[in-house]
Amino acid sequence: MFTDGDSDEIIRALGHVARARGMANDAALLTYRTDERLADGSDIRHAHRCSLWLRVEGRWQVRYHQATPTTENPG
């Protein structure tokens, strides 16, 4: 949970993992959708997201991330 910078409302972000693909021994692409909701359960934002993870010196690190807003509400 986190707070939105424009208000004191608590927002809950729910992630739905769609796909995790190994691209090499030390690289993976994670694609998923997030639904952010107010504490009362009402929807406010949806986004499709992808993150490129690389293993550097034995630790996984995000090297790229993109979020594309969508009006999709999977209900």
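**Entry: His46**

I began at His46, whose side chain makes a polar contact with the side chain of Asp35 at 2.8 Å. A polar contact here is a pair of N or O atoms within 3.5 Å; within protein, one must be able to donate a hydrogen and the other to accept it, and residues adjacent in sequence count only if both atoms are side-chain atoms. I note that the model is predicted: local features need pLDDT of at least 70, side-chain atom pairs count only at pLDDT 80 or more, and totals for chains, interfaces and linings use all residues. Residues are numbered from 1 along each chain as its sequence is written, and side-chain values use heavy atoms, with hydrogens and water left out.

Is His46 buried or exposed? I find it buried, at 10% relative accessibility. The cut-offs are under 20% relative accessible area for buried, over 50% for exposed, and partly exposed in between (1.4 Å probe, protein chains only). His46 lies in strand S4.

**Entry: strands**

I listed the elements next. The chain has zero helices and five strands. Their order from the N terminus is β-β-β-β-β. Helices (H or I, at least four residues) and strands (E, at least two) are DSSP runs, numbered from the N terminus.

I then followed S3 into S4. Strand S3 covers residues 27–38 and pairs with S4 in the antiparallel sense over eleven bridges. Two strands pair if DSSP finds at least two bridges between them. Across this pairing, Thr31 stands opposite Cys50 in S4. The two strands form a hairpin with four residues between them. In that turn Gly41 has a positive phi of about 95 degrees.

On to S4 and S5. They too pair in the antiparallel sense, over eleven bridges. Arg55 has Trp60 in S5 as its bridge partner. This hairpin has two residues between its strands.

**Entry: Glu57**

What is the phi of Glu57? I read a value near 50 degrees, positive in a residue other than glycine. Most residues other than glycine have a negative phi, so I flagged this one. Glu57 sits in the loop between S4 and strand S5 (59–70). It is exposed, with a relative accessible area of 81%.

**Entry: salt bridges**

How many salt bridges are there? I count five, a salt bridge being a side-chain nitrogen of Lys or Arg within 4 Å of a carboxyl oxygen of Asp or Glu. I looked at some of them one by one.

Arg55 forms a salt bridge with Asp26, the closest N and O atoms being 2.9 Å apart. This pair links distant parts of the chain, 29 residues apart: Arg55 is in strand S4, and Asp26 is in the loop between strand S2 (10–24) and S3. Arg55 is partly exposed at 34% relative accessibility. Asp26 is partly exposed as well, at 40%.

Glu36 forms a salt bridge with Arg45; their closest N and O atoms are 2.6 Å apart. Glu36 is buried at 11%, whereas Arg45 is partly exposed at 39%.

Back to Asp35, the partner of His46. Its side chain also meets that of Arg37 in a salt bridge (4.0 Å, N to O). Arg37 is partly exposed at 25% relative accessibility. Which residues are linked in a network of salt bridges? I noted Arg33, Asp35 and Arg37.

**Entry: nonpolar patch**

I checked the surface. Trp53, Trp60 and Val62 form a nonpolar patch there, with about 270 Å² of accessible area together. Patches are made of residues with over 30% relative accessible area and no salt bridge: like charges are joined within 9 Å, nonpolar side chains (Val, Leu, Ile, Met, Phe, Trp, Tyr) within 5 Å. Accessible areas come from the Shrake-Rupley method with a 1.4 Å probe; for residues, only the protein chains shown count as cover. Trp53 lies in strand S4, residues 43–56. Its relative accessible area is 30%, which counts as partly exposed.

**Entry: chain totals**

Last, the totals. Of the 75 residues in the chain, 16% are buried. The accessible surface comes to about 5600 Å², and 49% of that belongs to carbon and sulfur atoms. Among contacts (heavy atoms within 4.5 Å) with a separation of 6 or more, residues 24 or more positions apart account for 27%.
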